[in-house]
Amino acid sequence: MRRLLVTGGMGFIGSNFVRYWRERHPEDMVVNLDLLTYAGNLRNLADLEEGPHYRFVCGDIADTDFIAKVMAEAQIDTVVHFAAESHVDRSIEDPQNFVRTNVLGTQVLLEAARRQGVTRFIQISTDEVYGTLGPEGLFTETTPLAPNSPYSASKAGADLLARAYFETYGFPVIVTRCSNNYGPFQFPEKLIPTLITRALRDEPLPLYGDGLNVRDWLHVYDHCSAVERVIEAGIPGEIYNIGGSNEKTNLELVHRILQELGKPASLIQFVPDRLGHDRRYAIDSSKIRSQLGWNPAYRFEHGIVQTVQWYVSHAEWWQSEGGR
Ligand code: NAD
Ligand code: TDX
């Protein structure tokens with residue numbers, strides 16, 4: 001039986017992960033720790049009851065005393081660290097909070113976990129730490145770090161602290177770097193929910209620059225199953241890339257969503273480009289596939305239809321989130 005601390009478990013991926021883990025490992029204890037920033041929402045897990053196997057605590061990963069107390073009281077042995085400031089555009093507007101939460105917050109967690117004797121610490125990172133690709137090639141685990149946004153720089157800083165805790169203290173950290181996620185409960189500031197929720201209201205769909213930037217999309221369920229494999233079989237000190245080999249230009253994506261909703265292409269509005277906008281991300285995930293036996297379950301064609309349907313049938317959720 002494991003005793004997990006999941007940070008950021010009221011956000012998009014974290015809440016999907018907590019539900020996934022509760023369903024598949026009901027005997028484990030899960031403590032969900034989240035500050036409930038604009039991106040965290042109690043309603044994301046309203047269906048989960050608190051009890052001996054699940055508890056929610058509201059608090060800040062950068063609060064040293066609080067984190068040490070939570071870990072000690074719950075006798076945590078595994079940390080799955082999702083909590084972050086996660087939106088690139090917000091990091092361009094106001095970088096400081098990204099350094100505080102993503103860099104300092106990760107260091108506080110690493111230190112508390114090391115002192116607690118945690119036996120597995122999963123640092124949930126992103127392919128954005130590798131920077132940008134041209135038309136060819138894939139990011140591998142040995143691609144040099146070259147982050148271009150304050151967000152990705154802060155995630156790279158956290159990854160390097162995780163590495164240092166392994167090298168210096170032998171602390172059992174594993175880093176995962178996933179490509180762009182989509183699926184239910186994604187906050188409507190990110191591309192796919194922005195497109196769906198705005199199209200549903202017949203509002204213009206903002207595409208940055210020429211719309212030809214490429215992202216490699218993975219259903220959030222498949223990210224959760226990859227993290228599960230890493231918890232169960234990953235090797236401390238290693239990095240695992242996670243991706244679905246599913247590259248799409250933003251323009252392709254918007255046309256697919258318009259088609260699904262039966263809305264006209266005239267809604268597309270090209271707007272000024274994001275500063276420092278990475279051109280292309282694409283992940284080589286052969287290591288996690290061959291070494292840990294992970295494979296994604298979702299085909300994008302099915303996942304995107306299901307995701308559009310989820311937003312259609314959960315209007316009260318995204319309307320209460322404000323949207324864009
Ligand atoms: P999100 O913004 O939806 O959720 C982040 C959660 O962290 C929120 O619930 C928020 O309240 C919480 N949080 C923020 N600051 C906190 C703090 N100081 N203390 C405690 N909790 C805090 O993000 P997401 O999209 O679910 O991403 C989760 C993780 O996965 C992040 O680390 C992100 O870098 C990584 N990631 C995301 C993607 C993606 O496509 N969304 C892809 C790869 C990696
Ligand atoms: O309105 C928009 N219009 C637009 O053209 C938005 C919000 C985005 N875009 C473009 C920018 C990117 O090329 O769409 C692409 C995807 O943008 P985001 O959804 O903001 O994702 P991205 O910047 O790729 O980062 C995401 O994936 C990696 C997550 O936000 C990160 O947390 C994760 O690490």
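Tutor: A crossing of two helices is right-handed if the near helix is turned clockwise from the far one by less than a right angle, and left-handed if the turn is anticlockwise. The model discussed here is predicted.

Student: In which hand does α1 pass α7, left or right?

Tutor: The residues of α1 are 12-24, and helix α7 comprises residues 220-233. The two pack with their axes 9 Å apart, at an angle of about 60 degrees. By the definition above, the crossing of α1 past α7 is right-handed.

Student: How many nonpolar, polar and charged residues does the contact of α1 with α7 have?

Tutor: From α1, the contact takes Phe 12, Ile 13, Asn 16, Phe 17 and Tyr 20. From α7, it takes Val 220, Tyr 221, His 223, Cys 224 and Val 227. Sorted by class, the contact of α1 with α7 has no charged residues, 2 polar and 8 nonpolar.

Student: How are α4 and α5 oriented to each other, roughly parallel or roughly antiparallel?

Tutor: Helix α4 spans residues 96-116 and helix α5 residues 150-169, and their axes lie 8 Å apart. The angle at which they pack is about 20 degrees. Angles under 35 degrees count as roughly parallel. The orientation of α4 and α5 is therefore roughly parallel.

Student: How many charged residues does the contact of α4 with α5 have?

Tutor: α4 passes α5 in a right-handed crossing. Residues of α4 in this contact include Phe 98, Asn 102, Leu 110 and Arg 114, and those of α5 include Tyr 151, Lys 155, Leu 161 and Tyr 169. By class, the contact of α4 with α5 has 11 nonpolar and 5 polar residues, and the number of charged residues is 2.

Student: How many charged residues does the contact of α2 with α4 have?

Tutor: α2 passes α4 in a right-handed crossing. The α2 side of the contact consists of Thr 64, Ile 67, Ala 68, Met 71 and Ala 72, and the α4 side of Val 108, Leu 109, Ala 112, Ala 113, Arg 115 and Gln 116. In the contact of α2 with α4, 8 residues are nonpolar and 2 polar, and the number charged is 1.

Student: Which element supplies the largest share of the shell around ligand 1?

Tutor: Ligand 1 is surrounded by 30 residues, of which Gly 8, Gly 11, Ala 39, Gly 40 and Ala 84 are the closest. The shell around ligand 1 divides into 14 nonpolar, 12 polar and 4 charged residues. At least two of its residues come from each of α1, α4 and β5 (120-126). The largest share, 3 residues, comes from α1.

Student: Which element gives the most to the shell around ligand 2?

Tutor: Around ligand 2 there are 16 residues, and Thr 126, Lys 190, Leu 191, Tyr 208 and Asn 213 come nearest. By class, the shell around ligand 2 has 5 nonpolar, 7 polar and 4 charged residues. Both α6 (191-200) and β8 (205-208) supply at least two residues. The most, 3 residues, is given by β8.

Student: What is the mean pLDDT of the chain?

Tutor: The model has an ipTM of 0.99 and a pTM of 0.98. A pLDDT of 70 or more is reached by 99% of the residues of the chain. The mean pLDDT of the chain is 97.

Conventions:
Residues are numbered from 1 along each chain as its sequence is written. Chains are lettered from A and ligands numbered from 1 in the order in which they are written. This is a predicted model: local features need pLDDT of at least 70, side-chain atom pairs count only at pLDDT 80 or more; totals for chains, interfaces and linings use all residues. Axes are lines fitted to C-alpha atoms, for helices over the stretch in contact, and angles run from 0 to 180 degrees between N-to-C directions. Helices (H or I, at least four residues) and strands (E, at least two) are DSSP runs, numbered from the N terminus. Angles under 35 degrees count as roughly parallel, over 145 as roughly antiparallel, 65 to 115 as roughly perpendicular and the rest as oblique. Two residues are in contact if their C-beta atoms, placed from the backbone, lie within 7 Å. Ala, Val, Leu, Ile, Met, Phe, Trp, Tyr, Cys and Pro count as nonpolar, Asp, Glu, Lys and Arg as charged, and the others, Gly among them, as polar. A residue is near a molecule or strand if its C-beta atom, placed from the backbone, lies within 6 Å of it. pLDDT is the predictor's confidence in each residue, from 0 to 100.
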